[in-house]
Amino acid sequence: MTPAEISKLERYMRGRFHNDTLALKAVAGAPAAGVYIDDEFQGLLTRDEDEDEVSYDFVMRLPGEEDKLTAWEMARLQQVLSEKMNDPKIEVRTREKKLDSAEVYTDGEFIGVLFLDVEEDDGAVSFNMGILDIDLD
């Protein structure tokens with residue numbers, strides 16, 4: 001990723017999460033950047049280019065405690081995600097007929113999805129957020 005891309009993405013993510021301490025640091029030799037809050041690694045942002053369209057994917061792993069996303073687990077994950085991103089406006093909502101994922105919103109706007117990581121035995125949950133290059137302008 002270019003420094004200009006990283007700068008645009010950092011501004012976008014700071015605004016999206018209402019967090020001025022969020023910083024992106026390029027990963028040497030890869031189209032990716034680490035996402036940090038208060039110098040603590042939170043997740044990885046990768047760049048994808050397909051047919052001249054550029055998008056970015058932010059993935060962050062969270063500790064899971066259940067094998068499905070119950071109301072209690074979603075409330076717990078909302079608190080964990082809000083604390084990690086330092087954004088009290090984050091809200092986790094159910095997905096109709098889905099027990100393995102939930103939607104994430106901030107300011108009432110959809111920003112990503114939480115997925116249970118069923119392939120891992122550690123009970124992890126992945127937060128995935130897609131960003132289109134047109135969102136950065």
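Start by selecting Lys89. Lys89 is partly exposed, with a relative accessible area of 45%. Keep in mind that this is a predicted model.

The side chains of Lys89 and Asp107 form a salt bridge, at 3.5 Å from N to O. Lys89 sits in the loop between helix H2 (71–85) and S5, while Asp107 sits in the loop between S6 and strand S7 (109–116), so the pair ties together parts that are 18 residues apart in sequence.

**The hairpin**

Next, select residues 90–95 and 98–106. These are strands S5 and S6, which pair in the antiparallel sense over six bridges. Which residue of S6 is the bridge partner of Thr94? Pick Ala102: that is the partner. Then go to the turn. Two residues lie between the strands of this hairpin, and Lys97 takes a positive phi near 65 degrees.

Opposite charges are the next theme. Side chains of opposite charge can pair when their charged atoms come close.

Select Glu5 and Arg47. Their side chains meet in a salt bridge of 2.5 Å, N to O. This pair links distant parts of the chain: Glu5 belongs to helix H1 (residues 3–16), Arg47 to strand S3 (residues 40–50), and 42 residues separate them. Buried or partly exposed: which describes Glu5, and which Arg47? Glu5 counts as buried, at 13% relative accessibility. Arg47 is partly exposed, with a relative accessible area of 26%. Salt bridges that share partners join Glu5, Arg47 and Glu49 into one network.

Stay on helix H1 and select Glu10 and Arg14. Here the side chains meet in a salt bridge of 3.8 Å, N to O. Glu10 and Arg14 are separated by about one helical turn, because they are four residues apart in helix H1. Glu10 counts as buried, because its relative accessibility is 19% and the cut-off is under 20%. Arg14, at 27%, counts as partly exposed.

How many salt bridges are there by this rule? The count comes to eight. The tour has stopped at some of them, including Lys89 with Asp107.

**The nonpolar core**

Finish inside. Select Met13 and Phe127. The largest nonpolar core has 34 residues, and these two touch the most other members. Now centre on Met13 and show its surroundings. Leaving aside neighbours within four places in sequence, Met13 is in contact with Leu22, Leu24, Val35, Leu45, Phe58 and Ile131. Select each of those residues in turn to see what Met13 touches.

Methods: Residues numbered from 1 in each chain as written. Predicted model: local features only at pLDDT ≥ 70, side-chain atom pairs only at ≥ 80, totals over all residues. Heavy atoms only, no water. Pairing = 2+ DSSP bridges. Core = buried A, V, L, I, M, F, W, Y, C linked by side-chain atoms within 4.5 Å. Buried < 20%, exposed > 50% of the residue type's maximum accessible area, 1.4 Å probe, protein only. Contact = heavy atoms within 4.5 Å. Salt bridge = Lys/Arg side-chain N within 4 Å of Asp/Glu carboxyl O.
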